[in-house]
Amino acid sequence: MTQKTVIGVDFGSDSVRSLLIDAETGAELASCVAEYQDWKQGKYCQPDAQQYRQHPADILKALTRCITDLQPIVGAEMMKTVVGIGVDTTGSTPIAIDHDGTALALKEEFAVNPNAMFVLWKDHTAIIEAEQLTAKAKSWSIDYTQYVGGTYSSEWYWAKLLHVLREDAQVAANIHSFVEMCDWIPATLTGTTSPAQLKRSRCASGHKILWHERWGGLPEDAFFTAVDPLLSGFVDRIGQDSYTSDVSVGQLTAEWAEQLGLSQTVQVAVGAFDCHMGAVGAGVTANDLVKVIGTSTCDIMVVDYDAIGDKAIAGICGQVDGSVIPGMVGLEAGQSAFGDFYAWYKRLLAWPLALLGDSQLAESVEAKILPELGKQLADYPLSLKQPLATDWVNGRRTPHANQRLTTAISQLNLGSDAVDIFHAVVEATAFGARAINECFETQDVPINRVIAIGGISRKSAVIMQLCADVMNKPLEVKASDQCCALGAGIFAAVAAGVFPDVATAQQALASKTESVFEPRADKAALYGQRYQRYQALGGFIETSVAKE
């Protein structure tokens with residue numbers, strides 16, 4: 001039998017990863033990572049204004065590197081066995097395109113214009129626009145936010161589009177449509193970027209663009225025009241169709257096949273967001289909650305149609321038919337900062353290192369900060385009096401999106417030290433995870449298993465144990481470092497015809513469980529009391545923000 005392989009491509013916030021997979025056994029044959037060079041230098045970003053943009057040329061260069069770098073590892077002959085490519089990206093990360101489907105930032109006149117680039121998921125420049133969209137939906141004949149948790153977020157498509165249109169008259173005069181990165185990458189690889197050919201993913205459409213079968217696709221144009229006339233006509237340019245990721249967008253163009261060292265017969269699957277494909281790579285089944293833990297978290301569930309019915313789950317980031325596994329309803333929640341909170345604290349502690357005048361020594365010491373703090377957490381003397389924090393350092397995604405929120409650290413005294421505060425930071429992220437669990441469970445969506453994937457899940461047993469104690473639930477960690485890319489590969493295998501459906505492909509290819517962290521009863525009880533204080537602190541902060 002001729003060997004068949006697939007490539008899963010996972011676009012993260014800082015880099016893109018490729019994973020070459022045996023399409024019949026699931027064996028991970030090779031993996032490569034390529035950083036975004038412009039992004040690494042901080043180009044086009046203004047963190048103090050919460051502006052985070054990525055250049056499409058930077059993204060394409062990294063894509064090329066991460067796939068072509070596979071060949072020296074496995075050989076040219078192995079690359080000829082590739083039959084499919086699947087793509088996942090961050091989201092909502094949209095970009096402006098012209099009438100031909102060309103990203104505006106790839107045109108000379110927009111080459112250095114951040115508003116013509118990808119607006120990264122964590123860009124919060126559109127808070128006002130998100131609030132206006134939410135307010136209009138609440139007063140409209142149909143509440144178009146009811147299946148995205150009841151609140152439209154500044155992290156999402158329509159808010160970002162409106163902000164760009166208001167911010168930049170030149171972009172507004174040249175834009176034809178707005179496209180998610182997970183749709184643009186497959187379209188670019190297959191030469192189908194033209195709006196008439198573009199296949200938009202069910203995942204992005206449902207969770208970020210307000211597509212829902214109840215109202216026949218996208219909201220009516222009159223709704224968006226009522227928010228701001230600048231949005232008039234965009235519904236028609238997007239189109240009402242959306243596709244699940246088991247569908248092929250098409251084959252590689254001759255140019256991309258040559259550039260990547262692959263066959264032109266390679267099928268490219270419809271894209272989706274990283275967390276949704278990560279859940280598939282983790283082997284998600286009905287009522288499992290998969291936590292994709294990285295700079296932020298994305299929490300994904302799938303439920304049967306009969307179990308969810310017509311019920312709209314409040315406070316989450318969407319419930320969409322087929323957004324994860326075709327034939328089931330996908331539910332999404334998440335935290336706007338997880339690893340980002342730890343990174344912020346590391347930067348804070350590392351500030352004096354610049355005074356050393358020795359960059360190599362400074363980098364060496366900085367690299368040891370979080371690992372050493374993690375060791376100190378193993379025997380941390382927990383009590384009710386220790387410092388307490390909220391996890392809203394980059395706003396709150398779930399429950400009930402509110403990007404105006406900021407974090408707070410309380411219960412500090414002159415005896416508080418760096419480890420105390422780090423424990424509060426880690427504990428806060430675990431409390432945010434528990435709040436998401438309760439958001440589902442209090443609305444009659446039971447959680448059978450909690451599964452963790454992503455870098456932190458395998459790198460820090462201490463943090464995973466703390467999360468299990470705080471949630472008071474067993475926490476499974478999967479064996480693959482690349483579950484998102486693996487999920488993309490699973491969809492590639494189905495789109496290429498290796499498997500008849502996603503469930504069958506999962507049985508053969510999905511990652512196995514590596515370890516299980518059981519909650520410790522004594523710790524869980526104490527964390528339960530501290531969680532009540534976390535909720536009280538959060539309530540005070542939210543009330544204070546509402547009064548501003």
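Residues are numbered from 1 along each chain as its sequence is written, and side-chain values use heavy atoms, without hydrogens or water. Because the model is predicted, local features need pLDDT of at least 70 and side-chain atom pairs count only at pLDDT 80 or more, whereas totals for chains, interfaces and linings use all residues.

Secondary structure follows DSSP runs numbered from the N terminus, with helices (H or I) of at least four residues and strands (E) of at least two. Strand 12 (residues 288-293) is mostly covered, as six of its six residues are buried (under 20% relative accessible area with a 1.4 Å probe, protein chains only; exposed is over 50%, and partly exposed lies in between). In a regular strand, side chains alternate between the two faces of the sheet. In strand 12 both faces are covered, with D288, V290 and V292 buried on one side and L289, K291 and I293 buried on the other. Two strands are taken to pair if DSSP finds at least two bridges between them. Strand 12 pairs in the parallel sense with strand 18 (residues 449-453) over five bridges, and V292 has I453 as its bridge partner there. With strand 13 (residues 297-303), strand 12 pairs in the antiparallel sense, also over five bridges; I293 is partnered by T297, and a hairpin of three residues joins strand 12 to strand 13.

Helix 20 (residues 483-495) is likewise covered: 13 of its 13 residues are buried, so the helix is largely enclosed by the rest of the structure. Just after helix 20, G497 adopts a positive phi of about 85 degrees.

The structure holds 19 aromatic pairs (rings of Phe, Tyr and Trp, the last by its six-membered ring, with centres within 6.5 Å; planes under 30 degrees apart are stacked, over 60 edge-to-face and the rest tilted). The rings of W140 and F223 are edge-to-face, because their centres lie 5.6 Å apart and their planes meet at 75 degrees. W140 belongs to the loop between helix 5 (127-139) and helix 6 (157-167) and F223 to helix 10 (residues 221-227), so this pair ties together parts 83 residues apart in sequence. W140 is partly exposed, with a relative accessible area of 24%, whereas F223 is buried at 1%. A tilted pair is formed by F431 and Y534, at 5.1 Å centre to centre and 45 degrees between the planes. F431 lies in helix 17 (residues 418-441) and Y534 in helix 22 (residues 521-547), so the pair links parts 103 residues apart in sequence. Both F431 and Y534 are buried.
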